[in-house]
Amino acid sequence: MSESGLVIDDLSVDYDSTRAVSGLSLHVPDGQTLAIVGPSGCGKSTVLRTIAGLTRPAEGRVVVGGRDLTHVPASARDVGLVPQNYALFPHLSVRGNIEYGLKARGVDKVARREAVDRLLAFTELTPLAQRRPSQLSGGQRQRVALARAMAIEPSVLLLDEPLAALDPQLRGAMRRQLLDLLGATTSINVIVTHDRHEALSMADVVAVMRDGRLVQAGSPRELWQAPADAFVADFLCGATYVDVVLDQDAVHAFDGRWAIPYAAVDAARPATGRARGRLLLRPDSLVLSEHRGTGTVPALVRHAEFVGESTLVTLEVAGTAVSVRTDQPVTTGTTVHAGLAGRPVAHPHPEEIAA
Amino acid sequence: MRGLPDTLGTRMAVGLCVVFVLLPVATSVAVATSVSSARGLWGDGVTLQWLVTGWEQISPTLGRSTAVALGVVAANLVLGGPLAMWLARSPSRLTRAVSFLATLPLAVPGIALSIGLITVYPQLRPSGLLLFLGHVLLTLPFTLAALTPVLADQELQDCENAATTLGAAGWRVLATVTVPFSATALVQVVITAFALSFGEFNISFFINPPAAPMAPFALFDAYSTQRLELASAKTVLFMLCLVPVLALLVAARRTPSTRKARP
């Protein structure tokens, strides 16, 4: 593994007798953004704190630009941190907050003023320079926290749930603004989030964690197209992996209740006999109809949630839950017939690959 | 409809304050400035002579009490600060036991505490060190109660972590983040420790050598053996010594809170 960029090598972190992170290895090239994504308690914030030097690892290394930081104190790591709640110093003005790291590093007054003025302009905070954090909106506070971390020109910039403290209405605009700001930095950026949209839209590399372990890492597109398992498919894509059997005639799903012709699915016919596979069904992979048709499968509507532009439906087919987005009215408890809307991908089953 | 109860509550608080605090204080001032209170308030005219005489007699005692109170404040900050930090941040199970032990002096009657200290540490009595330690023992629980929750605040710890990652050394984080964040609690500690020590009677009465009495004992002595006007004058002077501390409290409360940033 190359030691340039950020290298997390076989990292394990314990909290008392509990292993919070186990054997995590990741590499982020210079200038790229890593998003660590996973449900609450999966260990993603612990990874962030360990990179920042606020938590000691039980095993493994953290290397940035070839420099092993594992035993370097947090104050000497050259790592900028934007905590989830921004942790602005409430007794200092916006200018004082941004200036803090430069003062701590002994930067002279003139250089400090120039750097802070530049960052205030960059983050569009110049008119608010003398305000206290309590006088700012959530979005403004986020920009102050970002400017404060960027002021020290860190080699790694860490953002813990950067949009979580904002109103949902603000998040879209702030995400775009944050992307612009991060795009202007030369540092390696690490974002921790439980929001898949943030991860997919903001990162060059996405790492999915569960129960302290890395489940899958890759580019957003790679993960979107080929999630490693049902957890990643569900968490990152809102999709469902359905076990299928591929034979010479069709792809058979749901214990043989649904035979899908090869023309309707992106799958390789086995050279001989039968093979096991997994069909990735995304919410837009299926269309629903009240009537049975060619290539449809009956399904029970377990849950229907109208969200404005569409209805999110949870279907149960042969004991398997499948999410579908439809613009048709659907009633919970009724039976509908699901057919393919596009050409979903059938991946080889992991056990087939292992064999 | 919160206005009515609020107004009523405020009026009741002001009324109680007037009846039980301001009225006795005003009476003391009136008696202290009366030539002869036996003929009624300001009977036989108004004078400042009792205050002058009272000052001549009690000023060494007030100076001694002030010095001890300032020392107690310093000890509370030096001992109580780190102890509160340990109680707030340490995962050790000992924190509960120490917290309980530190609070124990509040549950023991002052007389029992004083006699206990004299019995166990008689050699410390003549130097006044036992009095000082007794006051520290009595004020430390208030210091811990004020500082521990603030130092345990996750928001403060997040700010400290942010400062550390920005390159600040431990002492700078303490001076530029922890102390300003805890300023209100620290002012409260200073005021409480000073006022409690300055006005403490039991330990001062039992432990302190009679030749060098503390201010509360001197007041007790004045009311027991001297004219009411002179005792009242000494009381007024005693209360004036607390004015700077109370002014500090008011100033601290008027300063906009620096602790919480609202969304």
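I take buried as under 20% relative accessible area, exposed as over 50%, and partly exposed as in between (1.4 Å probe, protein chains only). I am working on a predicted model, where local features need pLDDT of at least 70, side-chain atom pairs count only at pLDDT 80 or more, and totals for chains, interfaces and linings use all residues. Residues are numbered from 1 along each chain as its sequence is written, chains are lettered from A and ligands numbered from 1 in the order in which they are written, and side-chain values use heavy atoms, with hydrogens and water left out.

**Salt bridges, whole structure.** I searched over all chains and got 11 salt bridges. The criterion is a side-chain nitrogen of Lys or Arg within 4 Å of a carboxyl oxygen of Asp or Glu.

I looked up A:R302 and found its salt bridge to A:E316 at 2.5 Å, N to O. A:R302 sits in strand β16 (residues 297-306) and A:E316 in strand β17 (residues 311-317), so the bridge ties together parts 14 residues apart in sequence. Strands (E, at least two residues) and helices (H or I, at least four) are DSSP runs, numbered from the N terminus. A:E316 is partly exposed at 29%. A:R302 is also partly exposed, at 48%.

**Network.** I noted that salt bridges with shared partners join A:D14, A:R19 and A:E59 into one network.

**Helix α3 to helix α2.** I checked A:R112 next. Its salt bridge to A:E99 has the closest N and O atoms 3.1 Å apart. A:R112 is in helix α3 (residues 109-122) and A:E99 in helix α2 (residues 94-104), 13 residues apart in sequence. A:R112 is buried at 13%, and A:E99 is buried at 14%.
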